[in-house]
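Subject: Structure handover and notes

Hello,

Please find the structure below, with my notes after it. Could you look through it before you set anything up?

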Amino acid sequence: MSDTATPLSQMSEPTISAPKMSAPKMSARGVNVFYGEKQAINDVSIDVDVDSVTAFIGPSGCGKSTFLRTLNRMNDTVASARVEGEITLDGENIYSSGMDVVQLRARVGMVFQKPNPFPKSIYENVAYGPRIHGLANSKADMDAVVERSLRQAGLWDEVKDRLQESGTALSGGQQQRLCIGRAIAVDPEVILMDEPCSALDPIATAKIEELIHDLRGRYAIVIVTHNMQQAARVSQKTAFFHLGTLVEYGATSDIFTNPRQERTKDYITGRYG
Amino acid sequence: MTEHTVKAFDNDINALRALIAEMGGLTEEAIDNAMRALATHDIPLARKVVEGDKRIDELDAQIEKLVVQTIALRAPLADDLREIIAVLKISNVVERMADYAKNIAKRVETIRSTSTVEPLSLLPSMAQITREMVKGALDAFVARDPVKALQIIERDRAVDDFYNAIFRTMITFMMENPKVISESAHIMFIAKNLERIGDHATNIAEMVHYIVTGEKPPEREKLTSVE
C-alpha cells in the first residue's frame, strides 16, 4: 500500500496476477485465544494466501469466528479476550505495540453475518471510510472512489441513480454488497467474511458468491461458513476447526473428496456420532 | 463406521448396496449357468440365461436412478461420494459381465456339437478362475477390502494367459480341422468373453480400492497379448 498521498481514484487498476508461489499474505503461528480462563483457540498455525479464498468450516463453537477475529484484532473489543502467539501481515506482527489498529482494520476488512449498513445514504456508507482515512482529496476523487467500490461490489448498476437514498432501504442482499463495497472502499488487502450469506436468500447468496469469485484476484479472502456446499463452491483452501483446534487444512477439492483426518471426514459427511 | 445423523441417508446407501448385491448374485449365476449349458449342451438352461438378462438390465437402470437421486438430495462428500460414484460404475460393469454371459449362452444353441472341438477342455478351467474373480471382486466390494481387491487384480494375469493359450491352440486347430471352423470360432468368442469378464472383475476391484483409499491402485504390468 502506498504511503504517499496519491488519492485512490488516481491509482491504476490493480492487475489480477496469475497464481504464484509467493509468501503468504497473513501468517499465524502458535495462536492461542482465551476468554478469561476459558481457552477458545488452541495452538493454531495457518497461512492465508493472496489470490485465493480460504474457508473456515466447523461445528458451532469450534472457534472459527474467534480465530477469524484475531486476524484484524477485533477481539481487542472483548474485554476478557487474550491472544497469544504470532500473527503477521506481510511479515509484520499485527499484535506488536507499534501497530496502528485502525489502519490494520482498513487493510484487513471485515464483513459480518448480518448486513450492517450505516443509517446514512448509500454514498455516505461507502465514502465514510475513505474520508476518515484521508484517501480522497476532492469531491470528484470521492465520487470516483464510491463508484469504483460499488462497481467492484457488484452493486453500482442497481444504485447509481439513487446514491442519496438510505443504505438501510436496500434489500438484504444489496445491503450485504453495500457492506462489501464499504470494506473495499478503503483499499484493503485482506477481506474477512463471517458467514456473509447466512441471512440471505439463495439468489442473493449466489450473487455474493460470484462477487467473491471476482474479488479473489485482488484480495486475500477468508470466509467463515456453516454451509459446506458454499465452502466447496467458493474456496480454494479449506480449514476445518473442531473444539478450538485446527484439525485439517488443505486444498478444498482434497478436503471434500478425500480428507485425511477421521474427524474431518465425519463432519463433512454428516456423521456426528 | 458411525451412521449418518440423517438416517435416511444411510437408508439410501443401504438400498444401493442391496441392489448391487442382487445384481452381482444374478450375474455370477448367469456366468455359471452359461458355462454349464455349454458343457452339457443344455439348450433350456442357455435360454434361461438369455431371459434372465432382462432383470439384470432393470437393476442397472434402478441403480442409476437411485445414484442420481442420492447425489441430488444428499450432496454426498468424501468417502460417501466416492462410494456412490463407484456404485454407478460397478453397476455398469456388472451389466456388461452379464451381457457376456448371455452372449456365451446364445452360442450354446448355435454350436451343433462341441464334442468335436478338443481345445474346449481348456474353457472350464478358465471359467473357474473367472467366476472366482467375479465373486471375489464383489465380496471385496461388500467388505470394503482393498487388500482382497488387489489380489483379484493379480489373478487377471492367469485369465489373460488362458486366453492367449486358447487363442494359439484354436488357430492351429482350425488350420488342421477346417470342417469345424464354425464351432471353433464360437469357442474363440466364448474364450474372449470370459477374458473380458475377468477384465471387468478387475475393474470392480480397482473401484473398491478407490472407494477405500481415494486412489486407483498402482498400474499393473500389462502383458502383451497375442492379438
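The notes below cover numbering and confidence, the interface, chain B and then chain A.

This is a predicted model, in which local features need pLDDT of at least 70 and side-chain atom pairs count only at pLDDT 80 or more, while totals for chains, interfaces and linings use all residues. Residues are numbered from 1 along each chain as its sequence is written, and chains are lettered from A and ligands numbered from 1 in the order in which they are written.

Confidence

The predictor assigns the complex an ipTM of 0.72 and a pTM of 0.80. Chain B has a mean pLDDT of 90, with 93% of its residues at 70 or more; pLDDT is the predictor's confidence in each residue, from 0 to 100. In residues 223-227 of chain B the pLDDT is below 50, and this stretch has 7 contacts in the model beyond near neighbours in sequence. A contact here means that the C-beta atoms of two residues, placed from the backbone, lie within 7 Å.

Interface

On chain B, 13 residues are in contact with 13 residues of chain A. Helix α3 (residues 78-110) of chain B supplies the largest share of the chain B side, 4 residues. Helices (H or I, at least four residues) and strands (E, at least two) are DSSP runs, numbered from the N terminus. By type, the chain B side divides into 6 nonpolar, 4 polar and 3 charged residues.

Chain B

Helix α5 (residues 146-176) of chain B has 31 residues and reaches 46 Å from its first C-alpha to its last, close to the 45 Å expected at 1.5 Å a residue; the expected span is 1.5 Å times one less than the number of residues. Its buried residues include B:A149, B:D156, B:F162 and B:F173. Buried means 20 or more other C-beta atoms within 10 Å of the residue's own, exposed means 12 or fewer, and partly exposed is in between, with C-beta atoms placed from the backbone. The buried residues of α5(B) pack against α4 (122-143) and α6 (181-213) of chain B.

B:R144 sits in the loop between α4 and α5 of chain B. B:R144 has a positive phi of about 50° although it is not a glycine. Most residues other than glycine have a negative phi. B:R144 counts as partly exposed because it has 14 C-beta neighbours inside 10 Å.

Chain A

Strands β1 (residues 26-35) and β2 (residues 38-48) of chain A pair in the antiparallel sense over 7 bridges; pairing requires at least two bridges found by DSSP. A:M26 has A:V48 in β2(A) as its bridge partner. The two strands form a hairpin with 2 residues between them, and A:G36 in the turn has a positive phi of about 65°.

Strand β6 (residues 108-111) of chain A pairs with strand β7 (residues 190-194) of chain A in the parallel sense over 4 bridges. A:G109 has A:I191 in β7(A) as its bridge partner. A:V108 and A:M110 point one way from β6(A), A:G109 and A:V111 point the other way, and all are buried.

A:R73 lies in the loop between α1 (64-70) and β4 (81-89) of chain A. A:R73 also has a positive phi, of about 55°, although it is not a glycine.

Regards

Key:
Ala, Val, Leu, Ile, Met, Phe, Trp, Tyr, Cys and Pro count as nonpolar, Asp, Glu, Lys and Arg as charged, and the others, Gly among them, as polar.
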